[in-house]
Amino acid sequence: MKNILIATKNEDKYKIVFYLLEKICFPTTANYKFFSLNDIEYDGPEQKEQGTLLERAEKKAKAIKNYLVKKNKNIYEYIIGTDDGIFMKGKLEENIKDYIKKILYENYLEENEEICFSRAYCILSKDDKIFRTITKVPYKYKSKKNAEIKENTYPLSQVCVPFGLNKSLSDLKIEEGFLYCYNYSKENLLKLNEEIKLKKIIF
């Protein structure tokens with residue numbers, strides 16, 4: 001069994017990252033097993049969000065690995081660090097948390113305004129090889145009354161509508177939302193998977 005650790009406590013993020021990576025890079029049928037930080041009761045320090053999305057994703061993966069090595073608990077073939085940004089109003093904002101309340105409650109966006117979520121992936125292997133990519137998934141903004149902010153979830157899913165659909169992510173069936181994200185993410189994740197396979201062959 002090869003263990004994969006997705007370095008997040010956010011349940012919504014874990015589910016979609018697991019869905020994409022299991023489908024493209026690490027199928028459970030090939031004896032890969034996934035874990036989140038909630039599964040290992042991680043009590044290490046939170047990482048400050050500094051640098052680019054890719055830099056932050058890499059810092060997360062390395063920090064978790066260092067923590068596990070010190071505790072002699074690094075049983076993971078790969079540790080996955082991710083970090084998210086949002087492109088809106090012609091600019092990439094790398095700290096989404098700073099905009100959640102503005103978007104949900106302060107009419108920061110216009111109805112049907114296009115936004116695009118960028119997600120950086122850093123896959124850190126047990127032997128310290130690093131694989132990185134960024135995926136981009138576009139949506140339209142649709143306001144929602146009584147939107148809620150809950151810990152360890154994606155509150156913006158309540159106001160993000162996939163192109164070609166008329167429901168927000170939170171109102172879609174889980175598989176529909178995941179498939180939409182997959183269709184926009186697969187090209188870069190497939191390239192990432194080829195890099196991982198190539199390194200395995202070379203080394």
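This is a predicted model: local features need pLDDT of at least 70, side-chain atom pairs count only at pLDDT 80 or more; totals for chains, interfaces and linings use all residues.
Reader: How do you know that the span of helix H1 is close to what is expected?

Author: Helices (H or I, at least four residues) and strands (E, at least two) are DSSP runs numbered from the N terminus, and the expected span of a helix is 1.5 Å times one less than its number of residues. Helix H1, residues 11-24, has 14 residues and reaches 20 Å from its first C-alpha to its last, close to the 20 Å expected.

Reader: What makes Asn-10 a cap of H1?

Author: A side-chain oxygen of Asn-10 lies 2.9 Å from the backbone nitrogen of Asp-12, at the N-terminal end of the helix. For comparison, a polar contact is a pair of N or O atoms within 3.5 Å, where, within protein, one must be able to donate a hydrogen and the other to accept it, and residues adjacent in sequence count only if both atoms are side-chain atoms.

Reader: Why is Thr-82 called buried, and what does Thr-82 touch?

Author: Buried means under 20% relative accessible area, exposed means over 50%, and partly exposed lies in between (1.4 Å probe, protein chains only). Thr-82, which is in strand S3, has a relative accessible area of 1% and therefore counts as buried. Leaving aside neighbours within four places in sequence, Thr-82 is in contact (heavy atoms within 4.5 Å) with residues including Lys-13, Val-17, Arg-119 and Tyr-121. The side chains of Thr-82 and Lys-13 also make a polar contact at 3.3 Å, and Lys-13 is itself one of the buried residues of H1.

Reader: Why is strand S5 described as largely enclosed?

Author: Eleven of the twelve residues of S5 are buried, so the strand is largely enclosed by the rest of the structure. Ser-118, which lies in S5, has a relative accessibility of 5% and therefore counts as buried; among the residues touched by Ser-118, not counting those up to four places away in sequence, are Leu-53, Asp-84 and Ile-134.

Reader: How do you know that S5 pairs with S3 and with S6?

Author: Two strands pair if DSSP finds at least two bridges between them. S3 and S5 have ten bridges in the antiparallel sense, with Asp-84 opposite Arg-119, and eleven bridges join S5 to S6, which also run antiparallel, with Cys-122 and Arg-132 as bridge partners.

Reader: What makes the phi of Asp-128 and that of Asn-72 worth a remark?

Author: Most residues other than glycine have a negative phi. Asp-128, in the loop between S5 and S6, has a positive phi of about 70 degrees although it is not a glycine, and Asn-72, in the loop between helix H3 (53-70) and S3, has a positive phi of about 55 degrees although it is not a glycine. Asp-128 is exposed, with a relative accessible area of 52%, and Asn-72 counts as exposed at 72%.

Reader: Which residues touch the most other members of the largest nonpolar core?

Author: A nonpolar core is a set of buried Ala, Val, Leu, Ile, Met, Phe, Trp, Tyr and Cys residues joined through side-chain atoms within 4.5 Å. The largest has 42 residues, of which Leu-21, Phe-26, Ile-80, Ile-103 and Leu-156 touch the most other members. A second, separate core has 16 residues, including Leu-5 and Tyr-67.

Conventions
Residues are numbered from 1 along each chain as its sequence is written. Side-chain values use heavy atoms; hydrogens and water are left out.
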